[in-house]
Amino acid sequence: MTKYSMAVDLDRCQGCRACMTACKIENNTVQSNFWMYVFRFEEGAFPETEMSFLPRPCQHCDNAPCAKVCPVGARFKREDGIVLTDADRCIGCRYCELACPYGVNYYNWQKPEKGQYDVVDWHDENIQTATGGAIPPYRNPDLDGLYGEEQRRTAGGGHAKGIIEKCTFCVHRVEKGQLPSCVDTCPTDALVFGDIDDAESPISLYLRGRSSWQLLEEAGTKPNVYYIGGKPPNKELKEIERPKVTV
Amino acid sequence: MAVETRIDAELPQGVGRLSTGWKVFILAALAVLGFGVFAYWYESSNGMSVTSLRSTGTMGGATWGLYVVMVEYFIGVSLAGVVIASVSRVFRIVELRPIVRIAELLTVASLMVGLLAVIIDLGQPIRGIKNMLLYARPQSAFFGTLTLVAGGVFMTALAYLFLGGRRDAARLAGIPSRLQWFHRLWASGYTDSVEERERHRRVMFWLSVGIVPLIVVALSTEGLVFGVQVGRPGWFGSLQGPDFLVLAAASGLANLVVLSAIVRRSLGDWNRLDADVFKWLGRFLLVASAAALYFMVVELFTLLYATPSNERQLADSLLKGPYAWIFWLSIGLMILGLMLLISQAATAKWRIGTLVVASVAISTAALAERYLTVIPSQTHASLLPYETGSYFPTWVEFAVVAGLFALGALLIGLFMKAFPIIPIRDDIIPTPDEEVEATANA
Ligand code: SF4
Ligand code: SF4
């Protein structure tokens with residue numbers, strides 16, 4: 001059976017955050033929502049300091065606590081392993097966000113078009129004229145599609161106010177046979193994606209012979225993102241900076 | 001008999017007569033409620049970004065805030081009312097009978113506003129109601145909370161209120177007044193025959209017996225909304241359920257004391273709440289708050305020994321960090337309340353004023369405890385090394401919550417003018433001795 005997973009090679013990651021940018025462009029996520037986030041850590045005391053990076057997408061857990069707590073089944077795990085949110089069913093209770101130990105869920109605190117990314121007004125006539133109505137706002141039409149056997153609106157669904165969203169492994173691309181946008185964009189090929197149940201898939205081949213670890217394995221969530229190299233984060237690590245933008 | 005003449009002459013307990021004091025109270029409650037509605041409208045049209053709530057993780061916020069704290073608090077308060085009502089029925093504690101209806105009303109009102117707070121906290125409230133009906137999942141503690149608490153306790157409390165009031169309603173239905181239609185509706189054909197009274201007694205008894213386990217399950221589930229979260233230090237643990245229950249008992253009883261004291265004052269001549277009632281409530285409150293303080297102290301010790309990890313960070317935020325003032329305030333208030341109760345119990349002199357002060361202290365401590373359960377684990381206990389966050393409610397959240405309190409007060413205030421809040425006839429078939437005693441008291 002298909003089981004989509006991701007490998008993150010920390011020995012290759014250079015912390016450039018191109019994956020974060022690619023995710024934002026692909027999924028049109030709003031200001032301060034980072035479906036893919038790359039931690040930039042500093043450890044030790046000057047001059048013995050060390051930097052490290054840790055890309056953090058949704059872990060698409062096999063034992064996903066977020067799906068367990070959802071009161072209406074809006075958060076669910078598909079047969080192929082992808083954990084998704086049904087934008088039409090989510091009631092905005094944010095219980096999944098609290099259940100997830102990885103902090104990957106983002107709630108839409110206001111209408112996305114309200115001053116997000118300092119775009120004055122997405123519907124401003126001048127902007128529309130200057131850009132031929134295309135960019136900004138560019139809106140990926142695939143996000144509104146219906147996906148999977150369930151035919152549910154799970155690719156982000158246009159980021160409506162009052163619902164939750166998170167990384168979808170770019171389900172709209174995967175269903176077309178493409179790679180998630182972050183994987184496609186990474187300049188150092190630090191991200192590898194594929195069906196881990198298929199022994200000949202890129203991810204299976206990449207992981208073969210390499211030792212890997214999973215994030216917060218002890219939480220029992222059975223994550224489907226495998227990290228190679230580096231080391232699991234601990235409380236001694238300090239984030240170099242926190243995203244400044246907020247809603 | 002004196003009581004008969006009085007009832008025949010006019011509706012008892014000021015029912016149907018709108019005094020100036022009552023009008024002022026209702027206007028004030030309406031004003032606060034109106035402001036709350038305005039704040040909620042403002043929030044709905046602008047998005048929840050007008051609150052202090054923000055996502056956890058990179059946004060460094062608390063995604064559940066004051067609204068969820070109030071859900072926990074109000075649903076907790078609802079516990080005491082219905083338990084006191086059942087205890088007085090099952091164990092036939094005559095002294096508690098006068099406050100049985102106040103207790104049931106407190107349960108109904110606090111459950112209503114508690115459930116309203118759940119809806120208010122949703123990003124999609126209308127869809128929330130619809131989807132909870134269409135797709136509710138029994139595996140979710142949220143579902144457990146909503147269905148058990150709402151379905152079970154709310155319906156039982158309503159049934160209590162309705163059945164327990166039918167004898168009085170039947171009496172009032174015979175008195176011509178503007179409210180006669182309402183009393184007739186409530187009585188719904190009840191004539192107070194011996195068979196009816198016996199049937200009522202049996203139903204009420206079994207309702208009383210059945211509701212206690214239901215409440216224990218329902219409120220433990222409410223605690224487990226947090227207790228089953230592996231991903232959030234400070235939440236995961238089997239003690240969340242019992243802890244929730246004990247604090248609920250303390251805060252519920254405290255509110256019942258305050259409400260009973262207000263009713264006592266406002267009823268004037270019609271007052272039937274004597275010192276005995278408050279003595280009983282005081283004793284119950286003493287036991288419940290002692291248990292609550294015990295849980296708080298256990299929590300304090302656990303925090304002091306927290307290992308240098310996420311728990312340590314959480315502990316520091318509570319003991320000496322941004323939440324320390326709330327933490328120590330809650331412990332201080334709980335101790336103060338308990339000391340006042342102990343001093344009264346020791347001297348066997350229960351003064352209503354002192355009891356009210358103790359109750360306000362205990363209720364505030366319980367509210368603070370709820371705040372500390374919900375918030376710090378979100379801002380200061382991430383398993384991944386996100387920076388710590390912060391949360392303090394905005395005026396919108398305070399206004400909405402004030403509106404919820406006002407709505408609860410309004411419900412109780414309106415009820416008092418439509419129906420006697422103290423039973424004029426006990427709902428349990430009185431023994432001949434009790435009947436004589438009741439008449440003499442009246
Ligand atoms: S990482 Fe979080 S949101 Fe993603 S599947 Fe696991 S628990 Fe759910
Ligand atoms: S926010 Fe939406 S997806 Fe998350 S638990 Fe609530 S209803 Fe489910």
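Mentor: Before we talk about linings, a word on classes: Ala, Val, Leu, Ile, Met, Phe, Trp, Tyr, Cys and Pro count as nonpolar, Asp, Glu, Lys and Arg as charged, and the others, Gly among them, as polar. Also keep in mind that this is a predicted model.

Trainee: Ok. How many cavities of 30 Å³ or more are there?
Mentor: The count is eight. The largest cavity has a volume of about 160 Å³.

Trainee: And which residues lie nearest the centre of that largest cavity?
Mentor: Trp64(B), Val68(B), Val71(B), Val118(B) and Phe142(B), out of a lining of 14 residues. By class, that lining has 10 nonpolar, one polar and three charged residues.

Trainee: Which helices supply at least two residues each there?
Mentor: In chain B, helix H3 (66-90), helix H4 (100-121), helix H6 (141-173) and helix H8 (194-227) each do.

Trainee: What about the second largest cavity, what's its volume?
Mentor: About 120 Å³. It has 19 lining residues, and Gly57(B), Gln378(B), Ala381(B), Ser382(B) and Tyr386(B) are the closest to its centre. The lining of this second largest cavity divides into four nonpolar, 12 polar and three charged residues.

Trainee: Switching to pockets: how big is the largest one in volume?
Mentor: The largest pocket comes to about 820 Å³. It is lined by 36 residues, with Phe25(B), Leu259(B), Ile262(B), Ala409(B) and Ile412(B) closest to the centre. Two or more lining residues come from each of these chain B elements: helix H2 (20-46), H3, H4, helix H9 (240-267), helix H13 (352-374) and helix H15 (395-418).

Trainee: H3 and H4 again! How does the lining of the largest pocket split by class?
Mentor: There are 22 nonpolar, 12 polar and two charged residues. As for H3 and H4 of chain B, they are also among the helices that supply the lining of the largest cavity.

Trainee: And the second largest pocket, what volume does that have?
Mentor: About 660 Å³. Of its 26 lining residues, Gly234(B), Trp235(B), Phe236(B), Gln240(B) and Glu299(B) are the closest to the centre.

Trainee: Which element gives the most to that lining?
Mentor: H10(B), with five residues. H9, helix H10 (275-304), helix H11 (310-319) and H13 of chain B each supply at least two. The classes there are 13 nonpolar, eight polar and five charged.

Trainee: Now the interface. How many residues does each chain put into the contact?
Mentor: Chain B puts in 49 and chain A 53. Between them they bury about 4,200 Å², with 52% of it on carbon and sulfur atoms. On the chain B side, Thr58(B), Leu384(B) and Pro385(B) supply 16% of the area buried against chain A, more than any other three residues.

Trainee: How many salt bridges go across?
Mentor: The rule finds one. Arg94(A) pairs with Asp121(B), and the closest N and O atoms are 2.8 Å apart.

Definitions and conventions. Residues are numbered from 1 along each chain as its sequence is written. Chains are lettered from A and ligands numbered from 1 in the order in which they are written. This is a predicted model: local features need pLDDT of at least 70, side-chain atom pairs count only at pLDDT 80 or more; totals for chains, interfaces and linings use all residues. Side-chain values use heavy atoms; hydrogens and water are left out. On a 1 Å grid over the protein atoms alone, a cavity is a set of points where a 1.4 Å probe fits but cannot get out, and a pocket is an open set with protein on both sides within 12 Å along at least five of seven lines; lining residues have an atom within 4 Å of a point. Grid points are joined across faces, edges and corners, and a volume is the space filled by probe spheres set on the points. Helices (H or I, at least four residues) and strands (E, at least two) are DSSP runs, numbered from the N terminus. Contact means heavy atoms within 4.5 Å. Buried area is the accessible area (1.4 Å probe) that two parts lose on being put together, summed over both. A salt bridge is a side-chain nitrogen of Lys or Arg within 4 Å of a carboxyl oxygen of Asp or Glu.
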